[in-house]
Structures are given as structure tokens and as C-alpha cells.
Number of protein chains: 2
Amino acid sequence: MAQTHPLNQDISLSVIKTACSNCNLRELCLPFGLSLEELERLDDLVSTRRRIKRGDHLYRAGEVFDAIYAIRSGFFKTDVLLEDGRDQVTGFQMAGELLGLDGISTEHHTCNAIALEDSEICAIPFSRLEVLSREIHTLQHHFHKVMSREIVRDHGVMMLLGTMRAEERLAAFLLNLSQRFTARGFSHAEFYLRMTREEIGSYLGLKLETVSRAFSRFQEEGHIAVQQKHIRILNVNGLKALMNHRP
Amino acid sequence: MAQTHPLNQDISLSVIKTACSNCNLRELCLPFGLSLEELERLDDLVSTRRRIKRGDHLYRAGEVFDAIYAIRSGFFKTDVLLEDGRDQVTGFQMAGELLGLDGISTEHHTCNAIALEDSEICAIPFSRLEVLSREIHTLQHHFHKVMSREIVRDHGVMMLLGTMRAEERLAAFLLNLSQRFTARGFSHAEFYLRMTREEIGSYLGLKLETVSRAFSRFQEEGHIAVQQKHIRILNVNGLKALMNHRP
DNA sequence: GCGTTCGCTTGATCCAAGTCAACCATAAAA
DNA sequence: TTTTATGGTTGACTTGGATCAAGCGAACGC
């Protein structure tokens, strides 16, 4: 859906709707802080929109990198595979978040990105992003912030994997999800998990049985109500307390 | 040691020596791939050099961020502290590597950087780096690669913490150190650890006793020779085999 | 409808790493 | 030289989470 910049208002609604300038996620995404004129230049950059069906790969480890991806709707996981078959989920990404930053380093993707529900992404050719970010300082700075935020997030995960016990990890995970759903205008207290217990476990460095037991325990103690993938948070402070309570 | 750009050759050797253009680490650092003319412009950017004594902080979590730091010589660790006192070492950095990338995101540092031996760093004011990288495409691209590489590195640590057992983690750690020393022209088979067993353990999500036992075991099996902080790698392939051998 | 599949829960048992504790080595201070 | 402090090693014991195993419930195809 590459499109020339519209010079008049006489264009179809569908075309308007594909632009960053009209995306209601732009506060969470790359366009943050840009002026209207700058936003319109960004519209040209985001040349492709693609639908990815649940279970399909957006990209695979080893593929040549040439674009980063903004999630317009849907839910993804990224994972890395070791030669010996072990794998690890390195993150879950939702609308407004970027995928593919890991590929810049070697010009090849270093992980797999897989849709956990039918999703829609905007492809942003990286070389053109670099050109544009030389001209739009705000874009340049915001992009740097986004990359840095990813590093900070990873440090948080390292902290979690390195120092927390099973229940603390799961509590931290739920609170993080809740906070991100809130930022997107969804309920902070009630949501559906898009991933399986096994995927949660892989992300948190736990086995699926341990995740399941922790869920059950949280429910017994009245912190949450779980029914399969449907989660209701009944006591946020209870979860927060669990997060930094050493035995 | 801020300095105006020298227009003639009649300058003191000491001033020449402080410049990126004369730094023998530039292949490992930010200046990688720059032309001579571009390198000279970068020299102006690196306005400050500072010595950090062993045990001192280069920066602390919470401080305002305004520069990233290139390590000219020495050895650092970064760590994050949780409110409840737990902490985690998030990385060890050596000559030619960058520190402070985590601070871009919030304009405040999110971890502590502490020298593990007397060190010397180059401060690179971030706003000026952004200006310069708009003009020097190679610098812009290389900086993006460096940030991306940090993300990939963090994914590696997540993998390590999430899926590997104690001995695998330590083997991976030693091989990584060895490889980085090699890239700097030092022996790949013999080096001094700059960090304590406790710091290694914190980084690897293990207790110091477990690290110590793993070292002893590697020695018994003839993979390495350990004497306190002095390490000799006797059998690289043995270590590599340990790294992906599930019991 | 009914079987099949996949994901989830729960119980019983096991083991890798944590904990606690004693002791040793090295280096700096007195 | 002895003293003290800091860091490292090793042993005995404990435990949180892994593993193995059985059974359940929801969703889907036929």
C-alpha cells in the first residue's frame, strides 16, 4: 500500500486509514512527538502493510534484515532457538510496539517473530528510516529512545530470570501485561492471554507445570481469577507484594 | 581534555594520542568504518576523557543521562538494584565497548557502572552524537548497529539464564570472555578475571558457591586451570561441548 | 453427536542449586 | 612478622522447581 502523498482531501477513507497520521497507535509507536507535516512524511515511509495469520512467521532467524515492523493490531512472540533444540521466548509484543530491532546489528534477523493471533503490521524499510531520521530530529531521537527502551526492558527480564523465584516472576509478568493493556485503553484488570502456559514458562525460565501451579496458587490466595486464558486481577497490591517478597 | 581541532601537525604527541583517529581501539568502538576526515570530526565530539579508579562509579542509576561512554582502557560492570536489596550484574564491559546506552530511553541512567580496575573512558555527549550522526551516515548506521548488538547480546543472556544449567552458563561465560580478549589481541587461553565469584554468580543467576564448585569441576575434568582469578583454558572444545550438553 | 487433539491441572518423586557453616589463601594493615 | 579483612573452596543438608505421570476440559473435524 505504498502511496503518494495526498494533496487534496478527495481520497478514499481506506487510504487515509492506513497512514501513520491517522493511526490511533501513534502515541505508542514510532511517530510519537512528530508534527503533522513530519507525520505526513512518515506516511510515505511506511510502504507496506501486511496481515499475518495466527501461527505464521513475520520473519525467521537467519533471514536478511531490511525492515523493522510496527504492530498495528494483534499479538506476537519472538523466540530464539539453540542448535540443540532448546528455545526461549525473548518477548511478547503488542499493538504499537516494534519488531526486528535485533536484525540491525548483523543485517540478519536473530530470532523468529510469530503471530499469536491474526495480526497486522506496518513494514518500515530500515535504510529509508535512517534517511528520514537524519532529516527529522524528533524521529531520530525517538527511534534512539525506542532502541534504548528495549535494552532497559531486557535488563528487567535478566533481573527477573536471575534473581526472582517462580511466583515473583509470574506476578511481575501479569503486572507488566496489565500495565501495557492499560496503556492501550483496555481493562487493566481483565484480559485474555494470547500465549500458552508453555510460552509463558519459556519466557520466564520455568516449566509449564510450574506456571500452572503458580496460577492456581494466586487464585487460591485471591489475587486473581483464572479460567484457562481468561485472567481477572482481583488484587493488584497482592501481586505487587508477591513480587518483592523473599521467603 | 576538550580540544580544538588541530590544523597543523605541530601539536604535542599527548594530544594526538587522545584522539579517536589515533586510538587503537577504533576498530572495536564507535569510529568503526569512518574515513580519515570523518574520524577527525569525531575527535571533536569526544570532548572529555576521564580516569575512573577501581571501585568508583562512572555513573549511578537515577542520574541524569547526557553522554555515552567508550571504554579506552580498563574493565567495568553494570548492575541494577531492586528496592528490596537484591541486585543483578547486567554486564561486564571491556576496552572499546560502550556504556550508558540504557540511559537514552528515559534520559536517566537505569543502572550503575562501576570500574573493576583503574580505567579510562571517553565521554561522548549524546546530543552531539545525534547531530554528527545526521551528517555522517556511516556513524549513524554504525551507532544503530551497536545498539542492536546490545539487544542481541541481552537475548543471549536471557537464553543463558532461562535455559542453561550452572555449568553450561559458566562455560558460556568463559568462552565469551576468551573470545572478547582475543578480539583485543590478548591471549584467548589465559587471562585474569577482573570480577569476584559473587559478581560472576550475580551475572549468571547463580550463587558464588555454585560458581566456585563449577570452576573446580572444570579443573578436575581438565578443561581449565584455575588459581584464584587466573584462568587458563586447556580445552576449548571441552568447554564448548559442556555448553550444549543436556544431562 | 463423538472421538481426537491440544492445552491445562494436579499429584508424587527427584535432583540441581541454594543455604549454612567451617576453613583456607592472599594481600593489605599494623 | 603477625593481624585482619576479603575472597575463595569445600562439605553437609535443604528445598524449589523439574520431571514423570495421570486425568480433565474445551475446541475442532468428521
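Predicted model: local features only at pLDDT ≥ 70, side-chain atom pairs only at ≥ 80, totals over all residues.
View 1. B:Lys53 reaches 54% and counts as exposed. The two residues form a salt bridge. Their closest N and O atoms are 3.9 Å apart. This pair links distant parts of the chain, 65 residues apart. B:Asp118 sits in strand β6 (residues 112–125) of chain B. B:Lys53 sits in the loop between β1 (48–52) and β2 (57–59) of chain B.

**View 2. The salt bridge between B:Asp84 and B:Arg86.** The side chains of B:Asp84 and B:Arg86 meet at 2.7 Å, N to O. B:Asp84 is partly exposed, at 29% relative accessibility. B:Arg86 is buried, at 10%.

**View 3. The salt bridge between B:Glu221 and B:Arg217.** Here the side chains of B:Glu221 and B:Arg217 meet, with 3.2 Å from N to O. Both ends are partly exposed. B:Glu221 has a relative accessible area of 39%. For B:Arg217 the value is 40%.

**View 4. A salt-bridge network in chain A.** Three residues take part: A:Arg49, A:Arg51 and A:Glu120. Salt bridges link them in a network. Over all chains, the structure holds 30 salt bridges.

**View 5. The rotation axis relating chains A and B.** Two copies of a chain are related by a rotation about an axis and a shift along it. For chain A laid on chain B, the turn is 180° and the shift along the axis is 0.0 Å. The RMSD of this superposition is 0.0 Å. The two copies are thus related as by a two-fold rotation axis. The same surface serves both copies. Of the contact residues of chain A, 98% recur in chain B. Among the residues of chain A, A:Arg134 comes closest to the axis. Its C-alpha lies at 2.3 Å.

**View 6. The protein surface near DNA strand C.** DNA strand C is surrounded by 17 residues. The closest come from both chains: A:Ser212, A:Ser216, B:Ala166, B:Thr210 and B:Arg213. By class, the surface divides into 8 charged, 6 polar and 3 nonpolar residues.

**View 7. Polar contacts to the phosphates of DNA strand C.** A:Ser216 places a polar side-chain atom 2.5 Å from a phosphate oxygen of DNA strand C. B:Ala166 approaches through its backbone: a polar atom there is 2.6 Å from a phosphate oxygen. A:Arg197 also uses a polar backbone atom, at 2.8 Å from a phosphate oxygen. Two elements give two or more residues to the surface near DNA strand C. They are α7 (208–220) of chain A and α7 (208–220) of chain B. α7(A) gives the most, with 5 residues.

Methods:
Residues numbered from 1 in each chain as written. Chains lettered and ligands numbered in written order. Heavy atoms only, no water. Salt bridge = Lys/Arg side-chain N within 4 Å of Asp/Glu carboxyl O. Helix = DSSP H or I, 4+ residues; strand = E, 2+ residues; numbered from the N terminus. Buried < 20%, exposed > 50% of the residue type's maximum accessible area, 1.4 Å probe, protein only. Least-squares fit on C-alpha atoms with pLDDT ≥ 70 in both. Contact = heavy atoms within 4.5 Å. Near = heavy atom within 4 Å. Polar contact = N/O pair within 3.5 Å; in protein donor to acceptor, adjacent residues only side chain to side chain. Nonpolar A, V, L, I, M, F, W, Y, C, P; charged D, E, K, R; others polar.
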